[in-house]
Amino acid sequence: MKLQFFSLTPSVPGVQMLRLKDGVYSRVPLLPGAPVEVRRKVLCEDAGAPVSQVWARALDKELYPMLITSHHIGVLEFAIPADADFYTEAEVQAIDKQRV
């Protein structure tokens with residue numbers, strides 16, 4: 001599993017985040033205070049709400065920044081499994097340039 005999350009509120013994490021999981025964008029809720037098991041299931045395992053892939057790829061990723069900047073942050077803040085990986089900025093840019 002490979003993940004990345006983006007804030008949908010410029011510069012501030014909002015109620016929902018944009019998730020890139022294994023090359024597909026979706027929306028997932030931000031779950032502050034939820035137990036790790038719940039956050040992991042919702043953020044990493046559930047399907048998430050569908051979004052237009054064209055829209056998601058066209059978002060200005062400078063206005064909607066990546067939230068996982070290291071594996072440590074992913075595990076602690078977003079409950080990603082220790083064996084999961086996260087997309088780098090270069091990988092996100094490459095995905096965003098692909099045709100849907």
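Mentor: Let's begin with angle classes: under 35 degrees counts as roughly parallel, over 145 as roughly antiparallel, 65 to 115 as roughly perpendicular, and the rest as oblique. The axes are lines fitted to C-alpha atoms, for helices over the stretch in contact, and angles run from 0 to 180 degrees between N-to-C directions. Two packed helices are described by the angle between their axes and the distance between the axes. Before the case itself, note that this is a predicted model, where local features need pLDDT of at least 70 and side-chain atom pairs count only at pLDDT 80 or more, while totals for chains, interfaces and linings use all residues. Residues are numbered from 1 along each chain as its sequence is written, and side-chain values use heavy atoms, with hydrogens and water left out.

Trainee: At roughly what angle do the axes of α1 and α3 cross?
Mentor: Helices (H or I, at least four residues) and strands (E, at least two) are DSSP runs, numbered from the N terminus. Helix α1 covers residues 36-45, and its axis comes within 10 Å of that of α3, crossing at roughly 120°. The two helices are therefore oblique to each other.

Trainee: Which residues make that contact?
Mentor: Contact means heavy atoms within 4.5 Å. From α1 you have R39, L43 and C44, and from α3 there are L76, E77 and F78.

Trainee: Next, the rings. How many aromatic pairs does a search of the whole structure find?
Mentor: Rings of Phe, Tyr and Trp (its six-membered ring) pair if their centres lie within 6.5 Å; planes under 30 degrees apart are stacked, over 60 edge-to-face, and the rest tilted. The search finds two pairs. Take F6 and Y25: their ring centres are 6.1 Å apart and the planes sit at 45°, so this pair is tilted. F6 belongs to strand β1 (residues 2-9) and Y25 to strand β3 (residues 24-29), so the pair ties together parts that are 19 residues apart in sequence.

Trainee: Are F6 and Y25 buried or exposed?
Mentor: Buried means under 20% relative accessible area, exposed over 50%, and partly exposed in between (1.4 Å probe, protein chains only). Both F6 and Y25 are buried.

Trainee: What sits over the ring of F6?
Mentor: The rule for a charge over a ring is NZ of Lys or CZ of Arg within 6 Å of the ring centre and within 35 degrees of the ring normal. Here the charged end of K61 does that, 5.4 Å from the centre of the F6 ring.

Trainee: And how many salt bridges are there?
Mentor: The test is a side-chain nitrogen of Lys or Arg within 4 Å of a carboxyl oxygen of Asp or Glu, and the count comes to three. K61 turns up again, bridging to D96 at 2.8 Å, N to O. K61 lies in the loop between α2 (53-58) and α3 (71-78) and D96 in helix α4, so they tie together parts 35 residues apart in sequence. K61 and D96 are both buried.

Trainee: Which residue forms a salt bridge with K2?
Mentor: That's E91, with the closest N and O atoms 2.7 Å apart. K2 is in strand β1 and E91 in helix α4 (residues 89-97), so this bridge ties together parts that are 89 residues apart in sequence. E91 is partly exposed, at 29% relative accessible area.

Trainee: Where does L3 lie?
Mentor: In strand β1, and at 0% relative accessibility L3 counts as buried.
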